[in-house]
Amino acid sequence: MLQDIRFAFRSAVRNPALTAVIVTSLALGIGANTTIFTLINAVFLRPIPVEKPGELVAAFTTMPKSTAFQSFAFLNFKDFRDNVQEFSGMAAYQFVGANMVGGAEPIGLGGQLVTANYFSVLGVQAARGRTFFADEDKVDSAAPVMVISNGLWTRTFGGDPSIVGRYVTLNGSKFEIIGVTPPEFKGLQSIGGGSEFWVPISMHPQLNPANPLFYTVRNALSVQVVARLRPGVSMAQADQAMKMMADRLAKQYPNENADRSTALFPLSEAVLGIGQRDDLRRSGGLLLGATGLVLLIACANVASLLLARAMARRKEIAVRLSVGAPRWRLIRQLLAESAVLSLLGGAAGMLVAYWGRDLLWAMRPSWMDSRFLDLKLEPRVLAFTIALTFLTGWLFGLIPAIQGSRADLVSAIKGQFDAPDRRSRFTQLAMGLDLRSILVSGQVALSLVALIGAGLFLRSVQQAQRLSPGFRVEGLTVMFMNTAAQGYSPQRATEFYKQAIERVQALPGVQSATWGENVPQAGNAGVSRRVFPEGKELPAELRSLFVPFNDVFPRYFSTVGIPLVKGRDFSAADREGAEQVAIISETTARMFWPGEDPVGRRFKHRLNPNFFRVVGIAADAKFGTLGGAAVPHVYLSATQFYAPAMTLCVRTSGDPAPLFPAFRQTIRGLDSTMPLPQPQTMTSAIADNLWTARLGAELLAVFGVLAVALTVVGIYGVMAYTVTRRTKEIGIRIALGAEQTAVLQLVLRQGLKLTALGVAVGLAASYGATRLIASLLYVSPADPATYAAISVTLAVVSVIAGFLPARRATRVDPLTALRYE
Amino acid sequence: MSAETQTLLRMNGVTKVFLTDEVETHALSGIHLEINAGEYVSIAGPSGCGKSTLLSILGLLDSPSDGEYLLNGNPVQDLDLGERARIRNREIGFIFQAFNLIGDLTVFENVELPLTYRGMPGAERKKAVQEALERVGMAHRVKHYPSQLSGGQQQRVAVARALVGKPLILLADEPTGNLDSQNGEQVIELLQELHRGGATICMVTHDQRYSKHADRTINLFDGRIVDEVEAAQQSSAH
Ligand SMILES: Nc1ncnc2c1ncn2[C@@H]1O[C@H](COP(=O)(O)OP(=O)(O)O)[C@@H](O)[C@H]1O
Ligand SMILES: [Mg+2]
């Protein structure tokens, strides 16, 4: 065995060109896979750093006729927690934005309001200090204590060793820092912003003053729920118990809970985001699929090259066989050679992955940093690469080894491979050359699939940029600000909003400025509610449809550039105490008042006893994905309903970027403790939103090009080998008067045949495979333009790859070719 | 030679020098040669004396280093690759020692090959191939592959391929070299038969038994023609 390996090394060194091509192919294949695996690992596989994550489940509220998984009403949560016996603990948590003063700079943070048992249910201990005592969520406003993340501690407090016991101001109230979490714990989401602090939910009057009803009514679905199964209890049993409790609550509080039930998911799935986990899985599968294709192509290449070498070595092998070497020994030796090659390839692949990871990281959108996603090359990644290396070794080594060891003794020793043999064409089909042809066709097919994927994503990005978002993108700048997080009262906040509008509008170059709770393509702060038009019986789908509500100041529509198609804009007269008014989107009008004019009509929502009068209809704007269908949207007047966190929208006549410092200064002038706003142009906000599509396009393009490059090597290799093998035949043809063009055609035709077969198979495979990614695209997965363009490109590329060997064929000297040996 | 015999090809002072590793090999020196239409010429001589080289130049597979070569009255020594390919295809029929049939093609396709390079219509090709195979007695094997035939049969197919295009001359380089004596005899008989039918043949052989059938035997030695023997003299020598 050792001797086999030594021999294998020697033969790798003795054929430097072959070894280089093989190792490079494998390095690219293995490297691409390892790179993507670091991403998959970070998103899907790294366990959440909690105790026994398998026991943890996430609970959701469900409603009939709706596929959405909703949060819990806080009061309902308490009833579930106190009555369902299948859990050893159940905790609630709720996102909250806050501004903190007391670190290096005033800073805006994302954190969680949590029940006091949050950390004990998860089984997370503080790395410094403590977590919450069991009674710290019992009395409102009684426990101003806060646990901070390791990231916040190191970034904002410079890793201060005496952090525990330090006081900071959070939204204008004093809080004591009582603990720091371990570095790996960032809350319960595997991607997206990690939590930076945790505060008992009893502190909601300080941190969420705008929504006191969240904690006192059963209408508002406002907290997320995580629970730990008692040992020995299955998720199904717990689910049943939850549903029974939901039935009880429905009977007890029919107004609010009549339609509601519950659903459980393993926490490991819920952390991906219950709504987006399918898309994420699909994206992950797509990337792994693409890199898998690259690896398969690389393996086909290597198999093909080794097959050619095995053919060339038939004489050596025949001699070994004739002196009595058993066939398994030859196979073992050939496998040792491929193992050595795959090890070299794997090692080089690790290097490629190292660079690939940096490249991947460089492609991230502007807002993402290592708090969001940590692409570590950890032991699991290493194990993956090693497994892959061995798998590929077998994949590309086995067939050539078996083929190679099957030398025909007599003819091999005579060196008469080209002498007409007595085999039928049928058995020849099973032999090396045809195997290589199949491999090449397969490569073409796989490349086509990868390229078509890339093409579809590329077209999607183009298409998405062409899609109308429903408002004017150019010259619009947005800045998010959280006034509640400054501890502002509603009056103070409204004053701040008005002053900000005045001062920003006074800046030269600014056409208009206004605030909106929610701005298309930039941030979603508002709540969603159900809409009940006056005097109407709604179908069940509409009754359980949650419509986003959006508090906006006057001139929101003209500033953002959403056309008002009917009625009027809000005005200062729409103030508190006046009649409650709303502007609805065209889709809302069509869905809730089909065939009618809703202007002047009234509707209600569950958290407000009074009616809202529709005073205007605005064109649909895309708040969610650009490619998605228009969804209903309801605007309320911010002068009538205070919103604690809003986005300042500024329309400028020219390029807004030079005005950014002036924007910041203006806000600082209004409140020096306000975290500096981060202005962003709408153009860049949209670019960030298209990030996944663009990343998909870029990655697949990289993999597609890799795949094609490897395929070109494959085609070239096979064609060159074919020309060598057919030298004599070509010589005969030339002797019989075949002209150059005829010989060129002969060879190119063979290459084209392989390509055509590959393209045909690849088209069919693409047609099937791209169906799986349809939801990630803005174009049809069967987009004919993409299919045609890619097929033609690939055909041209393969002709070019075959051209060099073909030209060599025309230079065959018939005399040399025909000389009998 | 009677007046009406037509000179088919003529060589004047043809020389062939091979340059390998700075060693000059004079394979042919000052060859003067004429072959008339309908003649059966045999080229003989020891191994390495230049027989194959001479035949290659006759067949336009190779060109002379010096000298003049007229085929059907036209100088052909300086033609380009394409023109030479066209002449090989139309005017010359080759028969090789190693048969040189293409293993991936059937008997029919092998014989058809020279015609396809002329762009002859399919129906016409089929007729010509059928005729040629009938003349060599292989018409019953059209669908076979060369590997399914005996050596003698393969060489017959090769002869059919050589004559299917109705060339001016058939060139055969040791056509019996790979055959046993019985099969060899049969191929020679076939050539004689073709000759009787009017074909011009130039055959290389080092086997005395076969060269006796020729009208004329040219003896080569060390790249030079040392002797030319007419058939009549040959037979009287026996
Ligand atoms: N392509 C070549 N390169 C170098 N020498 C050659 C080549 N072809 C033939 N020769 C030499 O020319 C001489 C004549 O060869 P050839 O015509 O094949 O002889 P014959 O067919 O009579 O046996 C020999 O010495 C041979 O080695
Ligand atoms: Mg010879």
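A polar contact is a pair of N or O atoms within 3.5 Å. By that rule, a backbone N or O atom of B:G50 makes such a contact with ligand 1, lying 3.0 Å from an oxygen atom of the ligand. The model described here is predicted.

**The surroundings of ligand 1**

- The shell around ligand 1 consists of 13 residues, and the closest are B:G48, B:G50, B:K51, B:S52 and B:T53.
- Residues from chains A and B surround ligand 1, so the site is shared between chains.
- By class, this shell is made up of seven polar, four nonpolar and two charged residues.

- A polar backbone atom of B:C49 is 3.3 Å from an oxygen atom of the ligand.
- Ligand 1 exposes 550 Å² when taken alone, and the protein buries 67% of that area.
- Strand 1 (7–20), strand 2 (23–36) and helix 1 (51–58) of chain B are the elements that each give two or more residues to the shell around ligand 1.
- Helix 1 of chain B provides the largest share of that shell, with three residues.

**Extent of the interface**

- The size of an interface is often expressed as the accessible area lost when the parts come together.
- Between them, chain B and chain A bury about 2,200 Å², of which 56% is on carbon and sulfur atoms.
- On the side of chain B, the residues that lose the most area to chain A are B:D104, B:Y117 and B:S147, which together account for 26% of what that side buries.
- In terms of contacts, 27 residues of chain B meet 23 residues of chain A.

**Pairings across the interface**

- One salt bridge is found across the interface of chain B and chain A.
- This salt bridge joins the side chains of A:E739 and B:R86, with an N to O distance of 3.1 Å.

**Make-up of the chain B side**

- Helix 2 (81–91), helix 3 (107–116) and helix 5 (151–163) of chain B each supply at least two residues of the side that touches chain A.
- Helix 2 gives the most to this side of chain B, with six residues.
- The residues on this side of chain B comprise 14 nonpolar, eight polar and five charged ones.

Note on methods. Residues are numbered from 1 along each chain as its sequence is written. Chains are lettered from A and ligands numbered from 1 in the order in which they are written. This is a predicted model: local features need pLDDT of at least 70, side-chain atom pairs count only at pLDDT 80 or more; totals for chains, interfaces and linings use all residues. Side-chain values use heavy atoms; hydrogens and water are left out. Contact means heavy atoms within 4.5 Å. Buried area is the accessible area (1.4 Å probe) that two parts lose on being put together, summed over both. A salt bridge is a side-chain nitrogen of Lys or Arg within 4 Å of a carboxyl oxygen of Asp or Glu. Helices (H or I, at least four residues) and strands (E, at least two) are DSSP runs, numbered from the N terminus. Ala, Val, Leu, Ile, Met, Phe, Trp, Tyr, Cys and Pro count as nonpolar, Asp, Glu, Lys and Arg as charged, and the others, Gly among them, as polar. A residue is near a molecule or strand if one of its heavy atoms lies within 4 Å of it. A polar contact is a pair of N or O atoms within 3.5 Å; within protein, one must be able to donate a hydrogen and the other to accept it, and residues adjacent in sequence count only if both atoms are side-chain atoms. Accessible areas come from the Shrake-Rupley method with a 1.4 Å probe; for residues, only the protein chains shown count as cover.
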